[in-house]
Amino acid sequence: MGALNNAIMVRPFLKWAGGKRQLLHVIKALLPPQIENYNYVEPFIGAGALLFELKPQKAIINDSNSQLITTYKAIKNDIDELIELLNIHQNNNCKEYYYEIRSQDRNSSVFNKLSDVEKAARLIFMNKTCYNGLYRVNSKGLFNVPYGKYKNPKICEENVLRSVHRYFSLNCVEIMNADFSCITKSISSNSFVYFDPPYHSPSNTNFTGYQADGFSEKDQLRLRDDYIQLAERGVKCLLSNADTPFIREIYANKKFEIFTISAKRCINSDASLRGDVNEVIIKNWV
């Protein structure tokens, strides 16, 4: 958000369900004035499109997906080794190699022997080569997306990774792996919070395979309760979610403003749900 940071060209290094790059112009128009004066907090970081667009000097980013957070930390702390490993994956990429790498989490003794950097390289490799860029795990938490048919996927985007590493190195960005409620309870009043949780999906076919235990309607209600508490404390927040009757009902609050937007979604386990879909952005201040 400062002049130095604006010179750093950083962008998401992963394909991610519900990524916000195409909606940045809408989200930025709803941000509070002088956003650069706020501490930035994002409890569901995902691919980090808004973080990398704003490039705040002080931020807390979090996600419950431990493998994703391991990857962020590897970019911050072990960039050279990560790039070296990704180049190995790039040179070996094929269908058979993909399934060999994917199978590592089927054997806990094998997976637990991997270093955090190796786990990070594994996630990026599979993300760049799996079918439709879909991150999905089964009930046991095992990545279960088949191999994609890409002619020449960019597995190691070194310039992007080094730009993200440089941004992390030059700024105070705390990277956490916790439930969102652990993040929200300690947020100061001079913070801005952007919530981009797993979207509500009544048919359970959307992105609920993001974590083995999913993100239920009970979790959506917990998040709503935290959102109300933050509003009462004067913490400015925006929240994105699916445009469903359930979401509109639980956020029906005279203190909230709900904006309807259209987004093109290319990543979904159900092909019928790809394409243009309505989403909501909920603002908790007037």
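Trainee: To get started, what percentage of the 286 residues of the chain count as buried?

Mentor: Keep in mind that this is a predicted model. Of the chain's 286 residues, 53% count as buried. As for secondary structure, the chain has 12 helices and seven strands.

Trainee: And what share of the contacts between residues at least 6 apart in sequence join residues at least 24 apart?

Mentor: That share is 75%. Lys 119 sits in helix α8 and touches Gln 67, Thr 70, Phe 111 and Leu 114, leaving aside residues up to four places away in sequence.

Trainee: Is Lys 119 buried or exposed?

Mentor: Buried means under 20% relative accessible area. Lys 119 has 13% relative accessibility, so it counts as buried.

Trainee: How do I read the two sides of a helix?

Mentor: Here's the general idea: an α-helix has 3.6 residues a turn, so residues three or four places apart point the same way. Now try helix α6, residues 95–102, where the buried residues are Tyr 97, Tyr 98, Ile 101 and Arg 102. They lie on the same side of α6 because they cover an arc of only 135° around the axis. Glu 96 and Glu 100 are exposed on the other side of α6.

Trainee: Which helices do the buried residues of α6 pack against?

Mentor: They pack against α5 (79–92) and α8 (116–129).

Trainee: Which residues have the most contacts inside the largest nonpolar core?

Mentor: Phe 13 and Phe 168 do, in a core of 64 residues. Helix α8 supplies the largest share of this core, seven residues. At least three core residues come from each of domain 1 (23–64 + 178–283) and domain 2 (69–158). There's also a second, separate core of 22 residues, which includes Ala 178, Phe 180, Phe 195 and Tyr 227.

Trainee: What does Phe 13 touch, not counting residues up to four places away in sequence?

Mentor: Its partners include Phe 52, Tyr 72, Ile 124 and Val 164.

Trainee: Which residues does UniProt list for "binding site"?

Mentor: The unreviewed UniProt entry lists Trp 16, Lys 20, Asp 63 and Asp 196. Trp 16 belongs to the loop between α1 (3–6) and α2 (24–30), and with a relative accessible area of 9% Trp 16 is buried. Asp 63 lies in the loop between β2 (58–62) and α4 (66–77). Asp 63 is buried too, at 2% relative accessibility, and its side chain reaches the backbone nitrogen of Asn 65 at 3.0 Å.

Trainee: What should I look for in the backbone angles?

Mentor: Most residues other than glycine have a negative phi, and most peptide bonds are trans. Gln 34 isn't a glycine, yet it has a positive phi of about 55°. Asn 132 is another non-glycine residue with a positive phi, near 60°.

Trainee: Where do Gln 34 and Asn 132 lie?

Mentor: Gln 34 is in the loop between α2 and β1 (39–42), and Gln 34 is exposed, with a relative accessible area of 54%. Asn 132 is in the loop between α8 and α9 (158–170), and Asn 132 counts as partly exposed at 22% relative accessibility.

Methods: Residues numbered from 1 in each chain as written. Predicted model: local features only at pLDDT ≥ 70, side-chain atom pairs only at ≥ 80, totals over all residues. Heavy atoms only, no water. Buried < 20%, exposed > 50% of the residue type's maximum accessible area, 1.4 Å probe, protein only. Helix = DSSP H or I, 4+ residues; strand = E, 2+ residues; numbered from the N terminus. Arc of directions from axis to C-beta. Contact = heavy atoms within 4.5 Å. UniProt positions renumbered as here; feature names shortened; annotations may be inferred. Polar contact = N/O pair within 3.5 Å; in protein donor to acceptor, adjacent residues only side chain to side chain. Core = buried A, V, L, I, M, F, W, Y, C linked by side-chain atoms within 4.5 Å. Domains from an automatic or database assignment.
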